[in-house]
Amino acid sequence: MAAGLDAAEGVKRDRHRARRRLGGALWRRPWLKGLSLLSPPVLAFTLVYVAALVALFISAFWTVNPFTSQLIHHWTFDNFRTLWNEPAYRTVAIRTVTIAAAVTVTDALIAFPFAYYMARVASRRTRGFLFVLVLLPLWASYLARVYAWRLILNSDGLLNWSLHKLGLPPANIAYSNTAMWIVFSYIWLPFMILPVYAALERIPHSYIEASRDLGAKGGRTLRTVILPLALPGVVAGSIFTFSLTLGDYITPVLIGGASSQFIGNVVYDSVNQSSNLPFGAAFAVVPVVVMGAYLMIARRLGAFEAL
Amino acid sequence: MTTRSMWALVVLLAVGLAFPAAGVSAQRGGTLNMIAWEGYLQPQWVKPFQKNTGCTIHQKYAGSSDEMVTLMRSGGGDQYDMVSASGDASLRLIYGKDVQTIDPTKIPDYKNFGPAFKSPPNNTIGGKHYGLSLQWGPNTLLYNTKVVKPAPTSWASIYSPQYKGKVTVPDNPIQIADAALYLMKTQPSLGIKDPYELNSAQFTATLNLLKKQKPLIKKYWALASDEIDLFKNGDAVIGASWPYQTNTLIAAKAPVKDLVPKEGATGWLDTWMVSAHTKNLDCAYKWLSWISTPKVQAEQAVYFGETPVNSKACPFMNKLAKGSCATYHANAPLKYFKQIHFWKTPIADCGNGQKNCMDYTKWQQAWTQLKG
C-alpha cells in the first residue's frame, strides 16, 4: 500500500517536472510558443479556405463533357474566352458590380447620420435602444425579410397602397433592379452602421473641442475632423456591404425581374443546371478579383485599423 | 459596441447564412435511396409500402431536372437507387448509362396504363424500357380573367405586346420548346417537326422570338410559388404555368383560368428510373409495382395536382377529391394527349438520321444568355 502511494507520488512528480521543462522550453524559444499557438488555426485556414480557393481556380481551366458531365482535365482558357466574348456574361458582371456599388453608397449615406446620432448625440439609454433596433432584423431569417419586401413592393402591396392613399401614381418597381437595390440596401445596412459607429465613437471629444476653439463651425468640423477620421469605418463597412451584395444570388431570384441575373446566379445555374463546375469556377474568379482589388484600396484607406 | 463583439456578430451571421442543408446518409441493406420531386415521396403512400415490403426508403428531394442528373451521377453513380426523372432529364440518364432497363411485364398494373404512357419516347428507346411512367401534366396558358379579355386561345398572347410587363414564363431552358412549338404551328416554313429537335436555323429563329418576348416579361419564375404570388398580386396577368398553380390560385379565390391553347402545349411526363448500379433491384421492382397501383396513383395525383398514367385511378381520385378526375383530364380521350408534346432532352441526334440538332448544353447556354 505504501509502495503504491509512493509510485503515485512519483508519477505526479514526473508529470510536474515534465510540465516545467516544457514551460521552460517555450520560454526560452518564443517562436516555438507562437508556432504551437498559431499552427492549428493557420492549418485550418490553409486547408479549408486557401485550398478550396486554389481548387476553384484550377478547375476553372478544365472543361466538362456535355453528355456525361465528366470533368475533362485538359488545360484550356475556353471558359474565360466564353466569359470574355459573350456579351451576356459581361452584362451580368457589370450589373452585379454596379448594384453592389450603388448599395454601398446608399448604405453609407444612410448609415453615417444614423451612426453619428448613436455615437455622439444619443443618451446611453437611447443608444442601447437604437442598437437593438439595428440588430433586431438580423435575428429574423434572411428569406423572411426578402419575402416581406416582396409584399411591400408588389403591385397590390403596401407601397402602392400608401401611394394611392396619398393620391400619387403607383410605383411599378416590383421585380426589377430598383427593387433589388432597395432590398439589398435594407438588408446590409446594419453591417455599415456598426463599423461607422465604432469609428465615430473612437474620435476623442477633445478633437472636436479643439476644432471649435480654433474657430471652425459645425460644417467645417464635420468636413475636416470627423469625416476623415470616420472614413476608415465607412470603408470597413463598405467591405461588408459590397462583398455581401456581390456574392448574393437569392435576392435576385426572389426580387429581381426579367434581367436581374447576378454572377452568383450564373454560377449556381452552371453548377446545378449544366453540371458545368469549371465554367462556374471561371465566373466565380471575377468577384474574387474584384474583391481583391477592393480590399487593396480599402487597406490604403485604413479600413483594417477601423475594424 | 466593441470591435470584438462586432466581429462575433459578423461571424455568427456568416455561419447562419452559410450553413448547408444536411445531406442524406447512404445506407445499404433493404433500403432504397431515392431522388424525387418534392411531394413525390409522401408518408401517405411511402409508409404503407415500407410496412408491406420491409424495404426502407431514404429520400432526397431535388429542385430541378438538372440537379437530378447531377445527383444520379454523384459518387460514381452508386449513391442512389431510383429517380423520378422528368422527360428533360431521362434521355440524359439513359444515354449517360446511369439507369438500367426494366421489364414492365413484371409490373401488374402496367397493362392498365394509358396507351400514350406505355412506351413514350422519353423513357423507351428501341423498344427497351428504361423506367416506368408515373404521372404527367400539361404546361398550360394561365390568365387573369378580369384583365385578359377576350379570353386567349393561342400562345400568341404571351408573345404580343398587348400585356407588356405582365407576362411570366418559367425560368427553365426547356421553355425554349414552348416557343418552338408556337413557331412550329405559326411558321411552317421553318420546318420544325418536333419542338425538342431543332437545327441551327430553327434554334436561332426560336431564340429570336424569345428575345423579342423578353421586354414583355415581368419575371422568369423559378418556383411555382413565385408565379402564384405574381398572379395574386397583379404583377402578372398571363403566363405559362402548370395546373398546380391554377388550382392553388382558384382555391385562393383568384380570378384565373387556364387552357391548352390551339397550338397544343408542352407537358411533362415523369418516370421512375432505376440506377444502373443499384444493389436493391428487388425493392425497386416492388416500388414500381406499388406506385403504379390505382389507389396510390390517385393519392399522388390529387396531392400534387397532376394526372396519373394508370387509367383505373379515376374512381379513387374522385373519392379523394370530387371531380378531380375530370379536372386533371385523367379520363381525357386520346385526342387530348395528341396535342401535348412531352418534354424530352434535346440531343444532337435529330431523329431523322441527321446529327446537327442543338443539344441540351446549347439550350442551357442560350437560356442563360437570353436572361442576360
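## Helices of chain B

In chain B, helix H7 is followed by Gly234(B), whose phi is positive, near 75 degrees. Helices (H or I, at least four residues) and strands (E, at least two) are DSSP runs numbered from the N terminus. H7 covers residues 224–232 of chain B, and its buried residues are Asp226(B), Glu227(B), Ile228(B), Asp229(B), Leu230(B) and Phe231(B). A residue is buried if 20 or more other C-beta atoms, placed from the backbone, lie within 10 Å of its own C-beta atom.

Helix H10 of chain B spans residues 294–304; eight of its 11 residues are buried, so H10 is largely enclosed by the rest of the structure. Among them are Val296(B), Ala298(B), Val302(B) and Phe304(B).

## Model and confidence

This is a predicted model: local features need pLDDT of at least 70, side-chain atom pairs count only at pLDDT 80 or more, and totals for chains, interfaces and linings use all residues. Residues are numbered from 1 along each chain as its sequence is written, while chains are lettered from A and ligands numbered from 1 in the order in which they are written.

The predictor gives the complex an ipTM of 0.74 and a pTM of 0.78. For chain B the average pLDDT (the predictor's confidence in each residue, from 0 to 100) is 87, and 92% of the residues score at least 70. Residues 9–29 of chain B have a pLDDT below 50, and this stretch has nine contacts in the model beyond near neighbours in sequence. A contact here means two residues whose C-beta atoms, placed from the backbone, lie within 7 Å. Where pLDDT is low, the predicted coordinates should not be read in detail.

## Chain A

Chain A holds 14 helices and two strands. Its radius of gyration is 27 Å, well over the 19 Å that the globule rule gives for 307 residues, so chain A is more spread out than a compact globule. That radius is taken over C-alpha atoms, and the rule is 2.2 Å times the number of residues to the power 0.38. The C-alpha trace of chain A spans about 95 × 75 × 45 Å along its principal axes.

An automatic or database assignment gives chain A domain 1 (2–59) and domain 2 (81–306). The C-alpha centres of these two domains lie 42 Å apart.

## Where the chains meet

The contact takes 33 residues from chain A and 30 from chain B. On the chain B side, the elements giving two or more residues are helix H1 (3–18), helix H3 (65–73), strand E9 (217–221) and helix H14 (360–371).

Technical notes: A residue is buried if 20 or more other C-beta atoms lie within 10 Å of its own, exposed if 12 or fewer, and partly exposed in between; C-beta atoms are placed from the backbone.
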